[in-house]
Amino acid sequence: MKKPPSEEPQEDLTVTPPKTWAAGVPAVVHALEYSLAQTSPRETAVDLLTMNQVGGIDCPGCAWADPAPGHRHRNEYCENGAKHINDEATTRRITAEFFREHPVSELAERSDLWLNQQGRLTEPMVKKPGSDHYEPISWRGAFELLAGELKSLASPDEAAFYTSGRASNEAAFVFQLFARAFGTNNLPDCSNMCHESSGFALHETLGTGKGTVSLEDLHHADLIFLVGQNPGTNHPRQLSALEEAKRNGARVVAVNTLPEAGLMRFKNPQKARGVIGRGVKLADRFLHIRPGGDLALFQGLNRLLLEAEDVRPGEVLAHAFIESDTSGFAEFAEHTRQISYEEVLRATGLTLREIEAVRDDVLRSERVIVCWAMGVTQHKHGVPTIREIVNFLLLRGNLGRAGAGACPVRGHSNVQGDRTMGIWEQMPDAFLDALRDEFGFEPPRPHGLDSVNTIKAMREDRVKVFLALAGNFVRAAPDSEVTEEAMRRCRLTAHISTKLNRSHTVCGETALILPTLGRTEKDFQAGGEQFVTVENSMSEVHTSHGKLKPASPLLLSEVAILCRLARRTLDGAPPLPWEEFEADYGSIRDRISRVVPGLHDFNRRVTRPGGIRLPNPVNEGVYPTATGRALFTRNTWEMPEVPEGHLLLQTLRSHDQWNTVPYTLDDRYRGIHGSRQVVMVNPEDLTALGLAEGDRVDLVSVWEGGVERRAEGFQVVPYPASRGSAAAYYPETQVLVHLESVADISNQPTSKGVLVRLDPAR
């Protein structure tokens, strides 16, 4: 067993020029170095050679789609996926002795990196009221304690059931069934904080909250937009898909506030040209946009397309499609023609010539896809921006046909599957009706609490029990100090987890750690060896089979934990088959098949190579909107106003990081090594602010009414960020995102649009 570090890593910042390409041999070397430092050569090989293969382990990292069976490489994984899967498979262990040596108050001072590196949790633990230590508790005792607290609540709505995208479809379905049988729709999840704006915008305009494209569509598009995305770090296998698209003649437009190495040049380590050659240039155009300028960009493009139609009537817009499949075009066109180019240029920081060049790319392209991620969704006007992207796609009929469409790129393994399974505080009546008809009880109908409103409810003592299925809620959530204060007000907090994280150190009066199997591990139940299923960003549902021996004989699966807890909490009312579910996950899938549209005959179909592609109504010419057609919208032009002496900060992940967990202190693609306490600022902005490289500053966010939040002790790094912006690492800067700073309509935290000033460090 490899020994975990006993001391915090020492920070010592060095800065080198940012990389101009991604992957290649260094990616392979770094992946293997990290993997072998965590686990054995044998287990590393088992993980990597079965990862993303038919009958193998689905990568627990991002949600990028797999190539079709027969077209997958023997090494179908990326650097970050390899690190993540072997981080879970680590041979390091946390035992009761660890918790005797380390009080909670000490662990609360430790870094995210150090906590993660201690290894796998091995037995259930409890922190009792007034104690500063976790101590062992039996599984029976843990379930009785948690069930007792839930049953003692004055209302089911005094509990919140949080889910992270790491959960399987089977666990997510059981979790939401338990919560609703208990009597609440308080089902906050990680999607509330990443793609909630996508869901609201797409539901309104297309009638579905999911993207419309497949991997094959991406391979055969003529033009691909990547907006607010960093695939080289957050979903690196997308680079292989873009390489294939480029080979087939596609052009790529990158829209970002930062240049990203993966979008400049990709050296595919699976191909000779990626090992000994220069690789492939991916982005044909890079629009170095100001933060929050994406709405203005697409409005400017849409006006240019309308004016091109004026010059070449009948040759630019998809008139037959607009007439047959859409509504609201006339009102949209009238509104768009009033858009001021001067305002568009001010908001984007681009020139009219740059935007016109993109328009020309569009006019030469029959099939266009727009991909986007949190650089779009985590702004106050994220929903209008995505609605405007839909307008752009509708104008030339780039929806519902091959090689074209909308592609929100999810950054977490099964976050989309969680929603399909019912993890949402606002599930529609059709889903709740199906639950009622299948299980014979009436689910609650009032909407529950999302993540932001759960924090508010805990802070106001309206939520007293918080149960998390995976994740690291206090670090993923905004307004860190407020979130932690709220969590500590709970009577009981409980986390179903594989590894230690900060959420375990921010305890309610009583706190439970319920250790679970990882996705890499074999799962044996009374009905034999089990597998689980997940859904990727492109609505494909497929299996995942654990291959490794469990980290501890005391671990239970997520499904087993939830079924045993539900049985003790509900006492048979309503009478639901929890024991059957725990014994055989196929019985869960049978029930899912009768509740979730598109998953009929689930057990048989999902075991076929490649699994199941869920139907998307848009691709069948069906739009479940209020009008029965795709909807053009009029979106109010909006630009973040940045007063003199301030910058607009975006939070982001380093390359050596998965979600809230950093693996090292390095971000080699950006040339930052040995520290995460850095703020990246355009050199011209540094001059204007009177700052220089290496200066130490406090980041101070400014909210309405003069309310301030402070993140202390950051080192200034000159970086080619767009003018007026800055960037710093998440989750260290979540403290700056005020709880009330949320996107209109979706209530998603605005972590990409934080108004800050840089004060000399205190």
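Modeller: Residues are numbered from 1 along each chain as its sequence is written, and side-chain values use heavy atoms, with hydrogens and water left out. Because this is a predicted model, local features need pLDDT of at least 70 and side-chain atom pairs count only at pLDDT 80 or more, while totals for chains, interfaces and linings use all residues.

Biologist: What makes the contact of Arg237 and Glu76 a salt bridge?

Modeller: A salt bridge is a side-chain nitrogen of Lys or Arg within 4 Å of a carboxyl oxygen of Asp or Glu, and the side chains of Arg237 and Glu76 meet at 3.2 Å, N to O, so the pair is called a salt bridge. Arg237 lies in helix H12 (residues 237-247) and Glu76 in the loop between helix H2 (41-50) and helix H3 (79-88), so the pair ties together parts that are 161 residues apart in sequence; helices are DSSP runs of H or I, at least four residues, numbered from the N terminus.

Biologist: Why is Asp361 called buried, and why is Arg251 called partly exposed?

Modeller: Buried means under 20% relative accessible area, exposed over 50%, and partly exposed in between (1.4 Å probe, protein chains only). Asp361 has 1%, so Asp361 is buried, whereas Arg251 has 29% and therefore counts as partly exposed. Asp361 forms a salt bridge with Arg251, the closest N and O atoms being 3.3 Å apart.

Biologist: Which residues lie nearest the centre of the second largest cavity?

Modeller: Leu517, Gly518, Arg519, Asp523 and Val532 do, among 18 lining residues. A cavity is, on a 1 Å grid over the protein atoms alone, a set of points where a 1.4 Å probe fits but cannot get out, and lining residues have an atom within 4 Å of a point.

Key
1 Å grid on protein atoms, 1.4 Å probe; cavity = no way out; pocket = protein on both sides within 12 Å on 5 of 7 lines; lining within 4 Å. Helix = DSSP H or I, 4+ residues; strand = E, 2+ residues; numbered from the N terminus.
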